[in-house]
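Here's a quick briefing to read alongside the model. Have the sequence and the 3D view open as you go.

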Amino acid sequence: MQINTNSEKPIFLQIAEGLEDAILSGAFTEESQIPSITEISVNYKINPATALKGINMLADAGIVYKKRGLGMFVTTGAVEKLKDKRKQLFYQNFIEGLIAEAKRLQISKSEIQAMIEGGFEE
Amino acid sequence: MSIEVKNITKHYGKTCALNNVSLTFADNKIYGLLGRNGAGKSTLLNIISNRIFADSGTISIDGMPALENDAAIGRLYAMGEKTYYPESMRIKEVFKWTKLFYPQFDDAFARSLAEQFGLKLNKKIKSLSTGYLTIFKLVVALSVNTPYILLDEPVLGLDANNRDLFYRILLEKYSNNPFTIIISTHLIEEVANLIEDVVIIKEGQIICSEAREQLLANSYSVAGSAIAVDAYTAGKKLLGCEMLTGLKTAYIMGQPDCVTAGELEFAKIDLQKLFIQLTNA
Amino acid sequence: MKIKPSYQYQLIDNLKSIMIYYIIIICVYIVVLYTTAVTTSTGVSFNGLEIATLIYLFVSGLCAFKDNFLMLEQNSVSRKTMFNTRILIAFTICLIMAVIDKLLLTAFIAIAVASGSSIQVISLFGMLYTNAGVISTIWMHIAGLIFSFCFYLSVLAVGYFITVLFYRLNKLGRVAVGVGVPAFLCIGLPILNATVADGKIGDAYIKLMVFAMGISGSGSANQPSNAIISGLVVFAIFSLFGWLLIRKAAVR
C-alpha cells in the first residue's frame with residue numbers, strides 16, 4: 001500500500017482505496033485481519049484520526065467489520081462487493097475520461113473500438 | 001477539558017509579541033503551532049507554561065486558572081528550545097527527579113526510549129551534543145504522561161532517522177493512549193499529516209485555527225494564462241500569486257467554481273505552500 | 001502539590017555541599033591542632049567557627065537561585081511554591097548548621113582540653129556575650145543556638161536576595177549595581193563621612209551595630225536578644241524583597 005502525501009487525493013481516501021486494492025488482490029483474504037489504526041498511523045506517519053476515517057469508510061460500506069478487542073476483519077463477500085463497486089467506478093473514472101480526451105484529439109468512436117480490441121489481443 | 005487562552009497580550013519593550021490572542025487547545029488532539037521566525041510561537045508556549053508573564057489576559061487549564069497554580073501547570077509538560085536542567089546532572093538523575101515531580105512519569109518507558117535512541121543514561125547533560133540534548137528532552141517529554149505536552153522545535157538537530165523514530169514513537173503512544181500535543185515547528189512538511197488541527201500565528205496574532213483537513217479543503221490554486229487567471233480571481237479571496245512568463249498561479253481561499261473554469265487548471269494546495277501564502281508579508 | 005518534591009530536591013542539593021564544608025572545617029581544625037602540638041607554640045586560637053559558616057551560607061545563598069529556579073520551572077512548580085519551599089529550606093539548613101556548629105565547637109573544646117593542647121577554641125557567641133568565651137548556663141547554650149540560627153538565616157536571605165536581584169536586572173543594571181553599590185559603600189560613604197558629615201555617619205553606623213547586636217557593654221553584660229531579633233528582622237525584610245523579585249521573574 002502506497003500513500004502519496006502530495007497527491008490530489010485526500011489521505012484517508014488513499015488508505016481506504018489502498019486497503020480495497022489489497023483485499024481485491026487477495027493480500028487480505030475474507031475473514032482475515034487488516035492493519036490496526038496504530039499500525040497504519042505509525043507506518044505512514046499520519047494522524048490516527050485520518051487512518052480511522054479511512055477504515056471507517058470501509059466499515060460503513062460493509063467491507064470490514066470490528067471484532068471487539070481483536071481489531072478489524074474483512075467481511076465475507078467483501079471481494080464481490082468491491083468488484084461491483086469498482087465496475088461502477090470504472091465507467092466514471094476511465095470511460096468518461098477516455099471519451100473526453102478522444103474528443104479533444106478528434107479520435108472517432110470506431111478508432112477507439114479498434115484500439116481497445118487491439119489492446120485486448122496483446 | 002482544554003487549555004483556554006483568553007485575550008493574551010505580551011510586549012517586549014515596544015515590540016508587541018502577542019496581540020490579544022485567544023484560542024482553545026482541546027484535549028486529545030495533535031496541534032501544529034506554525035509561524036515564521038519571531039511570530040510569537042515560543043512566547044505563547046512560554047506564557048501557557050507559566051514561564052513568562054503576559055501583560056494581560058488569562059490562561060486556564062481544565063477550568064483552573066493556570067497563573068501560579070501548581071495543580072494546573074502540573075497537568076502540562078513543556079519542552080523548550082533551551083535546556084533548564086542543571087548542566088552537571090546525569091540523565092538517570094533527571095529521570096529520578098522527574099518521577100518525583102511528575103508521579104505519572106514512566107521510568108521503564110523512558111529507559112526503553114533512551115535505548116532506542118542510543119542515549120546513555122550515565123551521561124551528564126553538559127556532555128550532550130545538540131542532537132542528543134533534543135533527544136534527551138524528547139525522551140522526558142514522551143514519558144511524563146501529563147495530559148498536555150508542549151513541544152517547541154522538537155526535532156532541532158535530529159538526523160532523519162531519529163526524526164522518523166520520534167514521529168513513530170509519538171504516534172504509537174498517542175494512538176494507544178491519546179493526549180494533547182502542541183508541536184511548534186518550522187518543518188511543516190514533516191508534521192503536515194501528523195497534526196489534526198493547525199494554528200497559524202503571524203506577527204503576534206492567530207490568523208488561523210482549524211482542522212487541517214478543513215483548512216486544506218477550503219483553499220485551492222488555479223493556474224493558466226495571466227489574463228484568464230486574473231479574470232477568474234476577480235472578487236475572490238486571493239492569498240497570493242506566482243508568475244512564470246505569462247503563466248500565472250493564484251492561491252485562493254474558498255471552493256473553486258467550475259462554471260467559469262474553461263482553460264484553467266485547478267489543484268489543491270499543500271500545507272507548506274498554504275502556510276507560505278498565508279504568512280507572507 | 002509540588003512542595004514536597006521541591007523541598008526534597010533542594011535539600012539534597014544543599015546537604016551535599018554542607019557535608020563538604022564540614023569536612024574542610026574538621027580538616028582545618030586537625031591541622032591547627034597538629035601544628036600547635038608539633039611546634040609547641042602557645043596562644044594559637046581557633047575562633048569564630050560561626051563566621052566561617054556565615055560566609056559559607058552567604059555564598060550558598062548567592063548560588064541557590066538560578067539552577068533551582070530553572071529546574072523547578074521545568075517541572076511545573078509555581079513561583080509561590082518555590083518561594084515557600086525556599087523559606088522551609090532556609091530554616092532547615094540554618095537549623096542543621098547551627099546544631100552542627102554547636103556540637104563541633106563543644107567537641108573541639110573537649111578535644112583541645114583532653115589532648116592537653118594549648119589551642120583556644122572560642123565561639124563567636126562566646127566572644128560577644130560571655131566572659132572569656134565560657135558558656136556556663138544551659139540557657140546560654142540554648143541562646144547561643146538560637147543566636148546562630150537567626151544570624152545564619154539573615155545572611156542566607158541577603159545572599160539569596162542579591163542573586164535574585166542580579167537575575168532580574170539587565171546587563172546594564174548588573175554593572176551599575178555590581179560596581180555602584182560596593183563603590184558607594186567603600187569609597188563614597190567614607191568620603192562623605194569624612195567631609196560633609198564630619199564623621200557622623202560612622203558614629204551612627206557603630207551605634208546601630210552596637211544596638212542591633214546588643215553589645216553595648218562587655219562580656220556577660222551583653223544580651224543576645226537584640227541580635228536574635230535583628231537576625232530575624234533582616235531575614236524577613238530580605239526574604240520579602242526576594243519574593244517581590246521572584247514573583248514576576250521570567251525564565252530566560
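This is a predicted model: local features need pLDDT of at least 70, side-chain atom pairs count only at pLDDT 80 or more; totals for chains, interfaces and linings use all residues.

Residues are numbered from 1 along each chain as its sequence is written, chains are lettered from A and ligands numbered from 1 in the order in which they are written, and side-chain values use heavy atoms, with hydrogens and water left out.

**How the chains meet**

- Two pairs of chains touch, and the pair with the most contacts is B and C; contact here means heavy atoms within 4.5 Å.
- Chains A and C make no contact, with 28 Å between their nearest C-alpha atoms.

**Chain A**

- Chain A has five helices and two strands, in the order α-α-α-β-β-α-α from the N terminus. Helices (H or I, at least four residues) and strands (E, at least two) are DSSP runs, numbered from the N terminus.
- Its radius of gyration is 18 Å, whereas a compact globule of 122 residues would come out near 14 Å. That radius is taken over C-alpha atoms, and the globule rule is 2.2 Å times the number of residues to the power 0.38.
- Along the principal axes, the C-alpha atoms of chain A fill a box of roughly 55 × 30 × 25 Å.
- Buried residues make up 30% of the 122 in chain A. Buried means under 20% relative accessible area, exposed over 50%, and partly exposed in between (1.4 Å probe, protein chains only).
- Of the contacts in chain A with a separation of 6 or more, 51% are between residues 24 or more positions apart.
- About 7900 Å² of chain A is accessible surface, and carbon and sulfur atoms hold 55% of that. These areas come from the Shrake-Rupley method with a 1.4 Å probe; for residues, only the protein chains shown count as cover.
- Chain A carries 14 positive and 16 negative charges, whose mean positions sit 8 Å apart. Lys and Arg count as positive and Asp and Glu as negative, with His and the chain ends not counted; each charge is placed at NZ of Lys, CZ of Arg, CG of Asp or CD of Glu.

**Chain C**

- Nine helices and two strands make up the count for chain C, and they read α-β-α-α-α-β-α-α-α-α-α along the sequence.
- The C-alpha box of chain C is roughly 60 × 55 × 35 Å along the principal axes.
- Of the 252 residues in chain C, 44% are buried.
- For contacts in chain C between residues at least 6 apart in sequence, 80% link residues at least 24 apart.
- Chain C has an accessible surface of about 13000 Å², 75% of it from carbon and sulfur atoms.
- The 16 positive and 7 negative charges of chain C have mean positions 13 Å apart.

**Nonpolar cores**

- The largest nonpolar core holds 123 residues, and those touching the most other members are B:Tyr77, B:Phe136, B:Val140, B:Leu151, B:Phe166 and B:Leu271. Such a core is a set of buried Ala, Val, Leu, Ile, Met, Phe, Trp, Tyr and Cys residues joined through side-chain atoms within 4.5 Å.
- The top contributor to this core is helix H6 (residues 138-168) of chain C, with 14 residues.
- Another core, of 27 residues, lies apart from it and includes B:Ile8, B:Leu45, B:Leu150 and B:Ile182.
- Beyond four places in sequence, the contacts of B:Leu271 include B:Leu34, B:Ile188, B:Ala192 and B:Arg212.

**Helix H3 of chain B**

- Helix H3 (residues 91-101) of chain B buries B:Ile91, B:Val94, B:Phe95, B:Trp97, B:Thr98 and B:Phe101.
- Their cover includes helix H4 (107-117) and helix H5 (130-143) of chain B, along with helix H1 (3-39) and helix H3 (66-74) of chain C.

**Residues to look up in chain B**

- Most residues other than glycine have a negative phi.
- B:Asn7, in strand E1 (residues 2-12), has a positive phi of about 50° and is partly exposed at 39% relative accessible area.
- B:Asn20, in strand E2 (residues 15-26), also has a positive phi, near 50°, and is partly exposed at 45%.
- B:Ile207 belongs to strand E10 (residues 205-211) and is partly exposed, at 38% relative accessibility.
- Leaving out residues up to four places away, B:Ile207 touches B:Ile200, B:Lys202, B:Leu278 and B:Thr279.
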